[in-house]
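Subject: A structure for you to explore

Hello,

Here is the structure I promised to send you. Have a look at it first, and then read on for what I found in it.

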Amino acid sequence: MSTNPLLKGTLQTIILKLLEDNEKMYGYEITQKVKELTVGELKLTEGALYPALHKLEADGLLETFTDVVDNRVRKYYRLTQQGSQEVTNKLQEAQAFIEHLQLLLNLKPHTS
Amino acid sequence: MNITPAQQDSIREVLWHNTKYRETFEEIYDHIITSIEHEPEGTREPHEVAQDIISNEFGGWEKLKELEKLRQTEVSSHIRAKQWQYFKEYFKAPLIVFTLLSAAVVYYMASHVTRKPLFIIIYIMAMAPVGLWVKVAPFNPFSKKHKPSVKQGIAQSLCTIGMSIFNCLVFLPSVMMNDDQYKFFNQMHISVLTVIAVLYIVLGLSIVKVFKEDLKILYTA
């Protein structure tokens, strides 16, 4: 398992996409979902996750609400209307970036 | 892994003393307890898991303080930007009509009737946000049982700005200059007082809008 530094640049996109697919999530759930989807290959540290969540919230892309679970407050994040629109843009940006990386690093699989 | 109430209290106490804001405390406390609950039984003690999360996942207590500071700065910038935006809206169409009408009414009353309304308007608009703040600040700042939220701290500074300016205009000059004859509302030109009164009205309304639109969490806290 690695805390890949390449994750840093795409962290916001990952969070937005996860919230688009899951409607509402809390911090721990996001870290576990990333672990699950990457079969434990990538690990999101809490020190990186929470500042990214708070930034997205401050930018108006996410909103929060709380629920009481087992006598403790749980904070959920969900997309705002602006956030829902931004997911598409962020995914297109990521897609374009990956394509450029493939060209630059010659990573495209050879088809014969 | 099962976690006993006593173990939860112990983790809670350590976290309580090391966090400044309620949001941070609640979010990280839930994160740690949930992590412990998902930990396989019999591997580590709950306090070891908690310490590991703080040290390795969050980067230690100092990093946690940085995270709180960063959050406070971001929320503060966002709220202040919103308040400034609402303030400026009163100088653009269509709200400029309200601003100009207010200015005309205030000027007419002050110049043809009495200056008292100016004092009342400025005083009310300086103090009303403080009342708004008191309404949404249920915690006792001296109590150890409550932690302020980030937004409560920002709300406090927003709501007291009008009162601070009022004190600077009305009381501070006479104290600083040791001048007993200084009477702000009697000596200042009516047009200047009108501008100040209108600015106070707009400031107060923009703060009310911030409370309604951007500080909603305070009402549910």
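Predicted model: local features only at pLDDT ≥ 70, side-chain atom pairs only at ≥ 80, totals over all residues.

The C-alpha trace of chain A spans about 60 × 30 × 25 Å along its principal axes.

How much of each chain is buried? In chain B, which has 221 residues, buried residues make up 41%. In chain A, with 112 residues, buried residues make up 36%.

Take the contacts between residues at least 6 apart in sequence: in chain B, 73% of them join residues at least 24 apart. For chain A, the corresponding value is 50%.

**Helices packing in chain B**

Please find helix H10 of chain B, residues 190-213.

Start with helix H4 of chain B, residues 61-89, whose axis lies 8 Å from that of H10(B), at an angle of about 130°. The two helices are therefore oblique to each other, and H4(B) passes H10(B) in a right-handed crossing. On the H4(B) side, the contact is made by B:Ile79, B:Lys82, B:Gln83, B:Tyr86, B:Phe87 and B:Glu89. Their partners in H10(B) include B:Leu199, B:Val202, B:Leu203 and B:Ile207. Sorted by class, this contact has 8 nonpolar, 2 polar and 4 charged residues.

Now turn to helix H7 of chain B, residues 150-170: the axes of H7(B) and H10(B) come within 10 Å and cross at roughly 170°. Angles over 145 degrees count as roughly antiparallel, so H7(B) is roughly antiparallel to H10(B). Residues of H7(B) in this contact include B:Leu158, B:Cys159, B:Gly162 and B:Phe166, while H10(B) supplies B:Ile196, B:Tyr200, B:Leu203, B:Ile207, B:Val210 and B:Phe211. By class, the contact of H7(B) with H10(B) divides into 13 nonpolar residues, 1 polar and no charged.

**A helix pair in chain A**

In chain A, look at helix H1 (residues 6-22) and helix H4 (residues 81-105), which pack at about 130° with their axes 9 Å apart. H1(A) and H4(A) are therefore oblique to each other, and their crossing is left-handed. From H1(A), the residues A:Gln12, A:Thr13, A:Leu16, A:Lys17 and A:Glu20 meet A:Glu86, A:Val87, A:Lys90, A:Leu91 and A:Ala94 of H4(A). The classes here are 4 nonpolar, 2 polar and 4 charged.

**Aromatic rings**

A pair of aromatic rings is described by the distance of the centres and the angle of the planes. Over all chains, the count comes to 8 aromatic pairs. One of them is A:Tyr50 with B:Phe58, a stacked pair with 5.7 Å from centre to centre and 15° between the planes. This pair crosses between chains: A:Tyr50 sits in helix H3 (residues 46-58) of chain A, and B:Phe58 in the loop between helix H3 (46-57) and H4 of chain B. Both A:Tyr50 and B:Phe58 are buried.

B:Trp16 and B:Phe25 form an edge-to-face pair, with 5.0 Å from centre to centre and 85° between the planes.

In chain A, A:Tyr26, A:Phe65 and A:Tyr76 form one aromatic cluster.

**A buried lysine**

Finally, find A:Lys75 in strand S3 (residues 72-79) of chain A. A:Lys75 counts as buried, because its relative accessibility is 10%. Which residues is A:Lys75 in contact with, leaving aside neighbours within four places in sequence? In chain A they are A:Met25, A:Tyr26, A:Glu57, A:Thr64, A:Phe65 and A:Thr66, and in chain B they are B:Glu23, B:Glu27 and B:Arg71.

Enjoy exploring!

Best wishes

Note on methods
Residues numbered from 1 in each chain as written. Chains lettered and ligands numbered in written order. Heavy atoms only, no water. Axes fitted to C-alpha atoms, helices over the stretch in contact; angles between N-to-C directions. Helix = DSSP H or I, 4+ residues; strand = E, 2+ residues; numbered from the N terminus. Parallel < 35°, antiparallel > 145°, perpendicular 65-115°, else oblique. Left-handed = near helix turned anticlockwise from the far one by under 90°. Contact = heavy atoms within 4.5 Å. Nonpolar A, V, L, I, M, F, W, Y, C, P; charged D, E, K, R; others polar. Phe/Tyr/Trp six-rings, centres within 6.5 Å; stacked < 30°, edge-to-face > 60°. Buried < 20%, exposed > 50% of the residue type's maximum accessible area, 1.4 Å probe, protein only.
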